[in-house]
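Reader: Could you take a close look at the charged side chains in this protein and how they pair with one another? I would then like to see the pairs placed in the wider fold.

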Amino acid sequence: MSNELSEATYQRVCAVSELSDDQPLGLEIGGEPVVIVRTGDEYFALRDVCSHAEVALSDGEIDSDCSIECWLHGSRFDLRTGEPLELPATEPVQTYPVKVEGDDVLVALASPQ
């Protein structure tokens, strides 16, 4: 699975003020479920579906090691890479580039490979 984009087309998904630190925000962008996370001054976007149980990661918790934990079986994923950090998940989740312009959080979606 590649996180590379041939042409990054960013779209506004929310305001910075809508994000609480370490509180995932699940939303749909063009039919794609996405979870947005702010940890301090860093912003992350991942596909909002656990690769193990296909439940919303946005219902999980953010851990201090820059990961999100799935609420159902405890799988954890690195917010930066989408790689699984803890079983039972063995497959990564798609990540998306994020940038902030003023009070706008923008995400560029790529089709999962």
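Author: Asp63, Asp65, Arg76 and Glu86 are joined in a network of salt bridges, where a salt bridge is a side-chain nitrogen of Lys or Arg within 4 Å of a carboxyl oxygen of Asp or Glu. Side chains of opposite charge can pair when their charged atoms come close. The model is a predicted one, in which local features need pLDDT of at least 70 and side-chain atom pairs count only at pLDDT 80 or more, while totals for chains, interfaces and linings use all residues. Residues are numbered from 1 along each chain as its sequence is written, and side-chain values use heavy atoms, with hydrogens and water left out.

By this rule the structure has eight salt bridges. One of them joins Arg12 to Asp104, with 2.7 Å between the closest N and O atoms. This pair ties together distant parts of the chain, since Arg12 lies in strand E1 (residues 10-15) and Asp104 in strand E11 (residues 104-108), 92 residues apart; strands here (E, at least two residues), like helices (H or I, at least four), are DSSP runs numbered from the N terminus. Arg12 is partly exposed at a relative accessible area of 45%, and Asp104 is partly exposed at 29%, where buried means under 20% relative accessible area, exposed over 50%, and partly exposed in between (1.4 Å probe, protein chains only).

Asp78 and Arg80 also form a salt bridge, their closest N and O atoms being 2.9 Å apart. In this pair Asp78 is buried, with 9% relative accessibility, whereas Arg80 is partly exposed, with a relative accessible area of 48%. A further salt bridge runs between Lys99 and Glu101, with the closest N and O atoms 3.5 Å apart. Lys99 counts as partly exposed at 34% relative accessibility, and Glu101 counts as partly exposed at 45%.

The fold that holds these pairs has zero helices and 11 strands. Four of the strands make an open sheet in the order E2-E3-E4-E9, with antiparallel pairing, two strands being paired if DSSP finds at least two bridges between them. Strand E2 (25-29) and strand E9 (95-96) stand at the edges with a single partner strand each, so one side of each is left without a neighbour in the sheet. Within the sheet, strand E3 (residues 32-39) and strand E4 (residues 42-47) pair in the antiparallel sense over six bridges, and Thr39 has Glu42 in E4 as its bridge partner.

As for covalent links, a search of the whole structure finds zero disulfides, a disulfide being a pair of cysteine sulfur atoms within 2.5 Å. Cys50 is in no disulfide, and the nearest cysteine sulfur, that of Cys70, is 3.8 Å away. Cys50 counts as buried at 1% relative accessibility, and Cys70 is buried too, with a relative accessible area of 2%.

Across the protein, 42% of the 113 residues count as buried. Of the contacts with a separation of 6 or more, 42% are between residues 24 or more positions apart, a contact meaning heavy atoms within 4.5 Å. The accessible surface comes to about 6000 Å², 40% of which belongs to carbon and sulfur atoms; accessible areas come from the Shrake-Rupley method with a 1.4 Å probe, and for residues only the protein chains shown count as cover.
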